Amino acid sequence: MMHFTSSTRNVPTTSAVPRHVAIIMDGNGRWAKSHSLPRFAGHHRGVETVRATVKRCLECGIEYLTLFAFSSENWRRPQEEVRLLMQLFIRALKQEVKKLDRNGVRLRVVGELSRFEPELQALIHASEQQTAGNTRLVLTIAANYGGRWDILQAVRRMLISDPEKGGGWDESDLAPHLAMSYAPEPDLFIRTGGEQRISNFLLWQLAYSELYFTEVLWPEFDALAFEAALASYRLRERRFGRTSEQLSTAPLPTVSPTDTRLDA
Ligand code: IPE
Ligand code: IPE
Ligand code: MG
């Protein structure tokens, strides 16, 4: 059984290369517009960036890559765009899973999947099954995902897990029920496309993530742009509440007395 550190209950060990990178892939529509193309062409191009980003993660030894593909609020878009996005998702799954599998990538999809049409749900399930034995990189696609939905469904499941308990719940009771309990919290959060907001992505898990915003639009987020984000991450001082002086002096106990490690 794997154990992950909760950034608020004890200090995680960190390294120069983030273990977990979470990305809001934004700017497809604006990229298309700037090339006088329909919005959909931007999404289409975006899939190529996904492919290249997965490759980069494999090369750098990043263990978890989480991509926000469709938010619980994206249903508000024009019906036709939603339809095309679903179609693209289906096509990308069909085309890419074999290659992901060959490269040791485990695919996982998080979000309220019951809202998707049965064909897509079945495809997601089959893709997850097919890659379930892989350990080199865990690629998570957040689809119909919302951070508030995640916290709420986790609370519900936590309460059902021990109906007798009544009270006294803490973080370590909740965390195992979050959609991404199998992964450590993101070390690095990236948002392309210039907006500086979280847009209901991983609200709980981003508590101590390093945030990186870039103007680069997702279809143009290439190896160089990714490296710039990783370079920025390397310069961050991750204090988790401590002072800078504490970090530079004697090694501190990395586990606090209240440590309750989370089971994943
Ligand atoms: C992000 O690109 C992709 C999805 C939300 C599916 P956008 O479609 O939001 O692109 P912009 O923000 O309109 O440029
Ligand atoms: C966030 O992008 C969601 C995804 C990238 C899937 P949006 O473009 O939908 O975000 P807002 O609505 O501008 O905040
Ligand atoms: Mg957008």
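Tutor: A residue is called buried when its relative accessible area is under 20%, and exposed when that value is over 50%. Please keep in mind throughout that this is a predicted model. With that cut-off, Gly42 counts as buried because its relative accessibility is 0%. Gly42 belongs to helix α2, which runs over residues 39–60. As a reference for distance, the C-alpha atoms of Gly42 and Met158 are 40 Å apart, and 116 residues separate the two in sequence.

The residues around ligand 1 are Met25, Asp26, Gly27, Asn28, Gly29, Arg30, Arg39, His43, Ala69, Asn74, Arg77 and Leu85. Note that His43 is in this list, while Gly42 is a residue of helix α2. Sorted by class, the shell of ligand 1 holds three nonpolar, five polar and four charged residues.

Which side chains bring a polar atom to an oxygen atom of ligand 1? Asp26 is one of them, with a polar side-chain atom 2.9 Å from an oxygen atom of the ligand. For Arg30 the corresponding distance is 2.7 Å, and for Arg77 it is 2.8 Å. On its own, ligand 1 has 380 Å² of accessible area, and the protein covers 86% of it. Ligand 1 sits in the largest pocket. Two elements, α1 (28–34) and α2, each give two or more residues to its shell. Of these, α1 supplies the largest share, three residues.

The polar distances at ligand 2 may be set out one by one. The side chain of Asn74 has an N or O atom 2.9 Å from an oxygen atom of ligand 2. A polar side-chain atom of Arg77 is 3.2 Å from an oxygen atom of ligand 2, and Arg77 likewise has a polar side-chain atom 2.8 Å from an oxygen atom of ligand 1. Arg77 therefore makes a polar contact with each ligand, because both distances are within 3.5 Å. In the side chain of Arg197, an N or O atom is 2.7 Å from an oxygen atom of ligand 2. The accessible area of ligand 2 on its own is 390 Å², of which the protein covers 78%.

Thr140, in strand β5 (residues 137–145), is buried because its relative accessible area is 1%. The side chain of Thr140 also forms a polar contact of 2.8 Å with the side chain of Tyr182. Ala183 lies in the loop between α6 (171–174) and β6 (188–191). Its relative accessibility is 10%, so Ala183 counts as buried. Ala183 and Thr5 are 178 residues apart along the chain, and 10.0 Å separates their C-alpha atoms.

Two loop residues complete the account. Asn200 is in the loop between β6 and β7 (210–213), and Phe240 is in the loop between α7 (223–234) and α8 (244–248). Each has a positive phi although it is not glycine: the value is near 65 degrees for Asn200 and near 50 degrees for Phe240. Are these two residues buried or exposed? Asn200 is buried because its relative accessible area is 16%, and Phe240 is buried because its value is 12%.

Key
Residues are numbered from 1 along each chain as its sequence is written. Chains are lettered from A and ligands numbered from 1 in the order in which they are written. This is a predicted model: local features need pLDDT of at least 70, side-chain atom pairs count only at pLDDT 80 or more; totals for chains, interfaces and linings use all residues. Side-chain values use heavy atoms; hydrogens and water are left out. A polar contact is a pair of N or O atoms within 3.5 Å; within protein, one must be able to donate a hydrogen and the other to accept it, and residues adjacent in sequence count only if both atoms are side-chain atoms. Accessible areas come from the Shrake-Rupley method with a 1.4 Å probe; for residues, only the protein chains shown count as cover. Helices (H or I, at least four residues) and strands (E, at least two) are DSSP runs, numbered from the N terminus. Buried means under 20% relative accessible area, exposed over 50%, partly exposed in between (1.4 Å probe, protein chains only). A residue is near a molecule or strand if one of its heavy atoms lies within 4 Å of it. On a 1 Å grid over the protein atoms alone, a cavity is a set of points where a 1.4 Å probe fits but cannot get out, and a pocket is an open set with protein on both sides within 12 Å along at least five of seven lines; lining residues have an atom within 4 Å of a point. A molecule sits in a cavity or pocket if more than half of its atoms lie within 2 Å of its grid points. Ala, Val, Leu, Ile, Met, Phe, Trp, Tyr, Cys and Pro count as nonpolar, Asp, Glu, Lys and Arg as charged, and the others, Gly among them, as polar.
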